[in-house]
Amino acid sequence: MWETIVGQERAVEQLRNALERPVHSYLLVGPRGSGVEDATRCFAAELIGATGDDRVLRGRHPDVVEFRPVANQYSVERDVRAAILPAVHASPIEGERKCVVLFEADRLNDQSANTLLKSIEEPPERTIFILVAESAGELLDTVRSRCQEIDFGSLPRSPMLRELERRGVESKDAELAVSLAGGRLDRAVALLGPLASVRAAFADLPYRVDGTGATALALVDGLTDAIKDAQVELRADQERELEELEAEIEQRQYTTRTAQAMRRRVTERQRREERRAGTDSLLEGLTALESVYRDALAGEPLINRDRAPLVLDPRDAGRALDVCQEVRAAFEFNPSTDLLLERLVLSLTPAAARDVG
């Protein structure tokens with residue numbers, strides 16, 4: 001299981017050493033895509049004696065209960081009191097021990113963190129807390145001090161390239177994906193898969209705008225389709241997962257209460273995954289678009305090595321980058337993708353391309 005964690009040898013060694021004498025609470029800190037979430041599940045699987053059980057890696061083992069905030073922060077009533085605390089005090093179902101995992105723990109506000117503090121400090125004997133955060137500095141010191149902290153860093157370029165090539169990715173494609181991914185292996189993989197069409201549609205946009213409304217509307221339709229297409233694979237995976245869950249429930253003869261809790265956790269997670277996938281697709285598209293304009297401003301070395309740089313007035317490139325930032329900010333408060341994309345496309349200045357080199 002640990003072989004899925006790339007470029008984090010020191011953190012993995014610390015986690016495996018921790019298995020010899022587990023403590024009550026852990027804090028795993030690392031940026032998204034660093035492997036910290038996969039490492040959390042590998043660690044939890046070992047702690048509950050389920051090594052090699054892919055239910056843990058897929059987030060649906062009954063003795064590894066995962067949580068994420070429903071909204072921007074963990075709510076005291078909806079998240080902590082109604083869901084997390086009952087899970088903490090429930091008995092393990094299959095083994096002698098259970099893990100309660102809080103992803104995005106840096107979204108615990110002061111009130112929700114203080115409500116959990118006693119349980120993090122002294123959980124029931126057979127329960128282990130694992131908090132996962134991008135930034136430990138966002139957590140209350142009182143929470144942080146009660147956990148054993150293990151840090152993950154951004155992934156270096158070399159291990160990412162090796163891993164992609166191990167997966168059969170051509171060297172040229174791997175180089176491009178890593179250059180775009182910003183130290184995130186998961187993002188590099190997505191850019192070679194479900195997000196490839198999104199990146200292509202947005203990166204091509206500056207070359208295709210011509211200042212006419214008809215072209216703008218056609219381009220918006222293309223961007224929207226690319227975002228929707230990026231989620232097709234996810235939906236198919238989710239349908240398969242629900243089928244597998246039902247088969248597992250029947251095979252293992254879980255109690256009605258346990259089966260209902262498992263279904264609820266999986267469906268809630270899937271809804272979050274679908275929302276995040278839509279958001280990630282739009283933000284990835286904006287990132288691709290911004291990178292094209294940055295190439296126009298900065299020149300060599302190009303971020304988009306597979307595209308010719310734009311011929312564009314620097315002021316127009318700067319304005320385009322400003323518009324991208326405005327759309328990002330607006331999306332947080334008004335996630336109407338079609339309207340935001342129309343605004344974006346109509347704001348771009350037509351440009352020509354020149355050959356690379």
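**Cysteines, cores and a strand pair**

User: How far is the sulfur of C99 from the closest cysteine sulfur?
Analyst: That distance is 12 Å, to C42, which is too far for a bond. This is a predicted model in which local features need pLDDT of at least 70 and side-chain atom pairs count only at pLDDT 80 or more, while totals for chains, interfaces and linings use all residues. Residues are numbered from 1 along each chain as its sequence is written, and side-chain values use heavy atoms, with hydrogens and water left out.

User: And C147, what is its closest cysteine sulfur?
Analyst: The one in C99, at 13 Å, again too far for a bond.

User: How many disulfides does the structure hold, then?
Analyst: It holds 0, a disulfide being a pair of cysteine sulfur atoms within 2.5 Å.

User: Is C99 buried or exposed?
Analyst: C99 is buried, because its relative accessibility is 0%. Buried means under 20% relative accessible area, exposed over 50%, and partly exposed in between (1.4 Å probe, protein chains only). C147, at 11%, also counts as buried.

User: Switching topic. Which residues touch the most other members in the largest nonpolar core?
Analyst: F202, L205, Y293, L341, L344 and V345, out of 40 residues. Such a core is a set of buried Ala, Val, Leu, Ile, Met, Phe, Trp, Tyr and Cys residues joined through side-chain atoms within 4.5 Å.

User: Which helix gives the most to this core?
Analyst: Helix 14, with 8 residues. Helices (H or I, at least four residues) and strands (E, at least two) are DSSP runs, numbered from the N terminus.

User: What is L205 in contact with?
Analyst: Leaving aside neighbours within four places in sequence, L205 is in contact (heavy atoms within 4.5 Å) with L219, L223, L289, V345 and L348. There is also a second, separate core of 27 residues, which includes L28, A44, V64 and C99.

User: V64 is in strand 2, so which residues are buried on each side there?
Analyst: V64 and E66 on one side, V65 and F67 on the other. In a regular strand the side chains alternate between the two faces of the sheet.

User: How many bridges join strand 2 to strand 3?
Analyst: There are 4, and the two strands run parallel; two strands pair if DSSP finds at least two bridges between them. E66 has V101 in strand 3 as its bridge partner.

User: Last one: where does S112 lie?
Analyst: S112 lies in helix 5, residues 110-121. At 0% relative accessibility, S112 counts as buried. Not counting residues up to four places away in sequence, S112 touches Y74, V76 and V80.
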